[in-house]
Amino acid sequence: MIVPETQIRIAAPGDEDVLAALDRAAWSPLHAVLPAPAEPYEPFFDARHLPEDYLVAEVAGEVVGYIRLALPTPLAATAHVRQIQGLVVAESARGRGVARALLRAAVERARAEGARRITLRVLGHNAPARALYASEGFAVEGVLPGELLIDGEYVDDVLMGRSLLA
């Protein structure tokens, strides 16, 4: 079977409904720190989550994933850093390189914006995501043991990052 190529683009306001539906469908305690979504749903895009913060993955014209890339804080002291604040791939597209394509696109976008570092936070029990990030050059830079209480279990918050220089 031939797998169509993944296309990456910046999100547009018109993507809100499809991204919100994708986000809700992909919710899992493996990666989520918030409770399962329930109606009435909050808007996907808002003052803190702008369309231009998201890169969208499409395969054969269908939106199958997104990654959110943003400043880690509003401080000028962290303006040289970008942080991945969400990566979602539709169940139907998993295992086809979509997450890797999104991650690589986020790294390139961060470089193009002049960033020197890129960071992320991942739950300690999310072995698939941690392996992906490590394979793309992210290293564990810190662990906050038992930082989060999810479904009655204490979970480590793992801080990962990499340089964008060279």
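# Contacts, burial and fold of the chain

User: Which residues is Leu 69 in contact with, leaving aside its neighbours within four places in sequence?

Analyst: In this predicted model, Leu 69 is in contact with Asp 53, Arg 82, Gln 83, Ile 84, Ala 106, Arg 109, Ala 110 and Ile 118. These pairs are called contacts because they have heavy atoms within 4.5 Å. Leu 69 itself belongs to strand β3.

User: Why is Leu 69 called buried?

Analyst: The term buried requires a relative accessible area under 20%. Leu 69 has a relative accessibility of 6%, and therefore counts as buried.

User: How far apart are Leu 69 and Glu 52, in sequence and in space?

Analyst: Along the sequence, 17 residues separate Leu 69 from Glu 52, and their C-alpha atoms are 8.9 Å apart in space.

User: What makes Arg 82 a buried residue?

Analyst: The relative accessibility of Arg 82 is 10%, and the cut-off for burial is under 20%. Arg 82 therefore counts as buried. Its place is in strand β4, residues 81-89.

User: Which residues surround Arg 82 as contacts, beyond four places in sequence?

Analyst: Arg 82 is in contact with Leu 69, Ala 70, Leu 71, Pro 72, Ala 110, Glu 113, Ala 115, Arg 117, Ile 118 and Thr 119. The contact lists of Leu 69 and Arg 82 each include Ala 110 and Ile 118.

User: Why is Asp 15 called buried?

Analyst: Asp 15 has 9% relative accessibility; since the criterion is under 20%, Asp 15 counts as buried. Asp 15 is located in a loop, between β1 (6-10) and α1 (16-26).

User: What polar and other contacts are found for Asp 15?

Analyst: A polar atom of the Asp 15 side chain lies 2.7 Å from the backbone nitrogen of Ala 12. Not counting residues up to four places away in sequence, Asp 15 touches Arg 9, Phe 45 and Val 56.

User: Is Pro 51 buried or exposed, and what makes it so?

Analyst: Pro 51 has a relative accessible area of 13%. Buried means under 20%, so Pro 51 is buried. Pro 51 is found in the loop between α1 and β2.

User: What lies around Pro 51?

Analyst: Leaving out residues up to four places away in sequence, Pro 51 touches Ile 10, Ala 11, Ala 12, Pro 13 and Phe 45. Phe 45 is also touched by Asp 15. The C-alpha atom of Pro 51 is separated by 8.1 Å from that of Glu 16, 35 residues away along the chain.

User: What is the geometry of the peptide bond from Glu 39 to Pro 40?

Analyst: That bond is cis, with omega near -5°. Pro 40 also lies in the loop between α1 and β2.

User: Why are Ala 60 and Asp 151 called exposed?

Analyst: Exposure requires over 50% relative accessible area. Ala 60, at 67%, therefore counts as exposed, and Asp 151, at 64%, is exposed by the same criterion.

User: What are the phi values of Ala 60 and Asp 151, and where do these residues lie?

Analyst: Phi is near 55° for Ala 60 and near 50° for Asp 151; each value is positive in a residue other than glycine. Ala 60 lies in the loop between β2 and β3 (62-70), while Asp 151 lies in the loop between β6 (139-150) and β7 (153-163).

User: How are the elements of the chain arranged, and what makes the chain as compact as a globular protein of its length?

Analyst: The chain has 3 helices and 7 strands, in the order β-α-β-β-β-α-β-α-β-β from the N terminus. The radius of gyration is 16 Å, close to the 15 Å given by the globule rule for 166 residues, so the chain is as compact as a globular protein of that length.

User: What share of the chain is buried, and what share of its contacts joins residues at least 24 apart?

Analyst: Buried residues make up 39% of the 166 residues. Among contacts between residues at least 6 apart in sequence, 62% join residues at least 24 apart.

User: How much accessible surface does the chain have, and how far apart are the mean positions of its charges?

Analyst: The accessible surface comes to about 9,400 Å², of which 56% belongs to carbon and sulfur atoms. The mean positions of the 16 positive and 22 negative charges are 8 Å apart.

Notes:
Residues are numbered from 1 along each chain as its sequence is written. This is a predicted model: local features need pLDDT of at least 70, side-chain atom pairs count only at pLDDT 80 or more; totals for chains, interfaces and linings use all residues. Side-chain values use heavy atoms; hydrogens and water are left out. Helices (H or I, at least four residues) and strands (E, at least two) are DSSP runs, numbered from the N terminus. The radius of gyration is taken over C-alpha atoms; the globule rule is 2.2 Å times the number of residues to the power 0.38. Buried means under 20% relative accessible area, exposed over 50%, partly exposed in between (1.4 Å probe, protein chains only). Accessible areas come from the Shrake-Rupley method with a 1.4 Å probe; for residues, only the protein chains shown count as cover. Lys and Arg count as positive and Asp and Glu as negative; His and the chain ends are not counted. The place of a charge is taken as NZ of Lys, CZ of Arg, CG of Asp or CD of Glu. A polar contact is a pair of N or O atoms within 3.5 Å; within protein, one must be able to donate a hydrogen and the other to accept it, and residues adjacent in sequence count only if both atoms are side-chain atoms.
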